[in-house]
Amino acid sequence: MNQVAVDFIKKWEGFRADAYPCSAGVMTIGYGTTIYADGKKVKKGEKITEEQALKELLRVVENDEKAVGLLVKVPLSENEEAALISFCYNIGVGHFKTSTLLKLLNKGDKVGASNEFKKWKYVKGKISKGLVNRRAAEKILFLTSQD
């Protein structure tokens, strides 16, 4: 599992033990969980421990990591993969699958692909400062090489 992605997502999502509506109005808990492993949606009034939240996070990251591995046709560094996993975690694999970011990446245009992160900054048609910041951080992570 890509630990860089796990740590990055934990930082951006933050932990919340009590269910809450995210900026899009979707009930969320833990580290950004909206749907549990059993397919049930998070409901108002639910609580989660940090240990349970980490399990949910790891489950979704594992699925997103597999999706990135299947969809991306070019070699990736650990940081590039981590940025894409975070992106998928936040927007969903379905959106990633049809994104211009993925199309450019699979053509080998990593710089062009990295410029696509910033386009995913809207919540209900309005620019979200939180998403602007997260996308900038994902782009930086994507473009940062490991030594």
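**I140 and the ground rules**

I140 sits in helix α7; helices here are DSSP runs of H or I with at least four residues, strands are E runs of at least two, and both are numbered from the N terminus. From M1, I140 is 139 residues away in sequence and 21 Å away in space, C-alpha to C-alpha.

I note that this is a predicted model, where local features need pLDDT of at least 70 and side-chain atom pairs count only at pLDDT 80 or more, while totals for chains, interfaces and linings use all residues. Residues are numbered from 1 along each chain as its sequence is written, and side-chain values use heavy atoms, with hydrogens and water left out.

**Cysteines**

I searched the whole structure for disulfides (cysteine sulfur pairs within 2.5 Å) and got zero. C22 is partly exposed at 27% relative accessibility, whereas C88 is buried at 1%.

**Helix α2**

I checked α2, residues 50-71: its 22 residues reach 31 Å from first C-alpha to last, close to the expected 32 Å (1.5 Å times one less than the number of residues). Its buried residues include A53, L57, V61 and V68, but also E56, D64 and E65. An α-helix has 3.6 residues a turn, so residues three or four places apart point the same way. The buried residues of α2 pack against α1 (3-13), β2 (27-30), α3 (78-91), α4 (93-97) and α5 (100-106).

**Core**

Of its 36 residues, V72, L84 and F96 touch the most other members. The largest share, eight residues, comes from α3. Leaving aside neighbours within four places in sequence, V72 is in contact (heavy atoms within 4.5 Å) with L84, F96, L102, L105 and N106.

Technical notes:
Buried < 20%, exposed > 50% of the residue type's maximum accessible area, 1.4 Å probe, protein only. Core = buried A, V, L, I, M, F, W, Y, C linked by side-chain atoms within 4.5 Å.
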